[in-house]
Amino acid sequence: MSLKLIYFKMRALAEAPQLLLHYTKIPYEYLMSWEYYKKDWTLVKPTISFKQLPVLIFDDKHEIAQSIAIMAFIEKMANIDIKDKTTAAKADAITLSAQELFAPLNPTVNFAIGDDFLKKREDMKNFLLSRFDDLNRVILSSGKKYFVGDTPQACDFAAFHHLDLSKKLDDTLIKKFPRLEKFLEDIASIETIDKYLKNRPDLIDVSIEPKLVINGNPYPTGTKQT
């Protein structure tokens with residue numbers, strides 16, 4: 001069995017699948033689009049599922065698209081998919097709600113600069129606070145360590161990514177929700193996740209000139225090889 005996760009130089013839709021892969025200890029290879037396809041993204045885009053990344057390449061022949069579908073596949077591979085239908089539906093709701101945070105949060109953190117960053121940050125603040133309040137209410141009502149249980153599921157890693165990324169936008173937002181801060185701490189303290197977080201490419205110079213530090217070298221975020 002081989003798994004290849006294909007994406008770009010940014011901390012966005014491939015992040016939750018990577019967290020889940022590290023949690024389940026499933027080996028995989030992370031490749032930039034140009035590393036795997038050997039072509040510029042503009043040439044590759046029309047040829048792949050739904051014309052977007054990430055995709056997970058399974059055994060060099062199956063292309064699994066869409067980050068939520070990728071995480072569902074990983075859960076099944078690891079045999080940690082939720083068998084109870086009601087709990088599974090609640091977990092799906094968390095995943096979908098967390099995914100709604102993607103835009104404009106992820107593009108702004110990864111690409112916006114200067115006044116454009118400041119405007120987008122201000123424009124999305126009320127939306128983020130409202131959605132954080134929703135997630136906070138749900139995890140409080142669950143009475144569990146994580147959103148639907150005392151062991152993490154894909155939905156938890158989806159929520160973790162966006163909540164964690166929000167600190168790059170404005171680190172005061174999450175501080176209004178101590179229960180969500182505790183949730184982030186609990187996920188980050190998992191041994192395999194802690195190791196991943198400490199070693200993943202650092203996202204720096206947000207709002208100025210966003211870059212990922214890969215193997216000690218800073219590269220501008222984006223879909224092009226640099």
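Student: How do I read a bend in a helix, and where does α7 bend?

Tutor: The bend at a residue is the angle between two fitted axes, one for the seven residues ending there and one for the seven starting there. In this predicted model, α7 bends by about 40° at Lys 125. Helices here are DSSP runs (H or I, at least four residues), numbered from the N terminus. Residues are numbered from 1 along each chain as its sequence is written; local features need pLDDT of at least 70, side-chain atom pairs count only at pLDDT 80 or more, and totals for chains, interfaces and linings use all residues. Side-chain values use heavy atoms, leaving out hydrogens and water.

Student: What span does α7 reach from its first C-alpha to its last?

Tutor: The expected span is 1.5 Å times one less than the number of residues. Helix α7 covers residues 114-142, 29 residues in all. Its span is 40 Å, close to the 42 Å expected. Just after α7, Gly 143 takes a positive phi of about 70°.

Student: Which residues of α7 are buried?

Tutor: Buried means under 20% relative accessible area, exposed over 50%, partly exposed in between (1.4 Å probe, protein chains only). In α7 the buried residues include Phe 117, Met 124, Leu 128, Phe 132, Leu 135 and Ile 139. Arg 131 and Asn 136 are also buried. An α-helix has 3.6 residues a turn, so residues three or four places apart point the same way. The cover over the buried residues of α7 includes α5, α6, α8 and α9.

Student: How many aromatic pairs are there?

Tutor: Rings of Phe, Tyr and Trp (its six-membered ring) pair if their centres lie within 6.5 Å; planes under 30 degrees apart are stacked, over 60 edge-to-face, the rest tilted. The count comes to eight aromatic pairs. Tyr 23 and Phe 157 have ring centres 5.4 Å apart and planes at 45°, so this pair is tilted. Tyr 23 lies in α1 and Phe 157 in α8, so the pair ties together parts 134 residues apart in sequence.

Student: Is Phe 157 buried or exposed?

Tutor: Phe 157 counts as buried, at 0% relative accessibility. Phe 147 and Phe 183 form an edge-to-face pair, 5.0 Å centre to centre with 70° between the planes. Phe 147 is in the loop between α7 and α8, and Phe 183 in α9, so the pair ties together parts 36 residues apart in sequence.

Student: What does Phe 183 touch?

Tutor: Contact means heavy atoms within 4.5 Å. Not counting residues up to four places away in sequence, Phe 183 touches several residues, among them Ile 139, Phe 147 and Leu 163.

How values were computed
Helix = DSSP H or I, 4+ residues; strand = E, 2+ residues; numbered from the N terminus.
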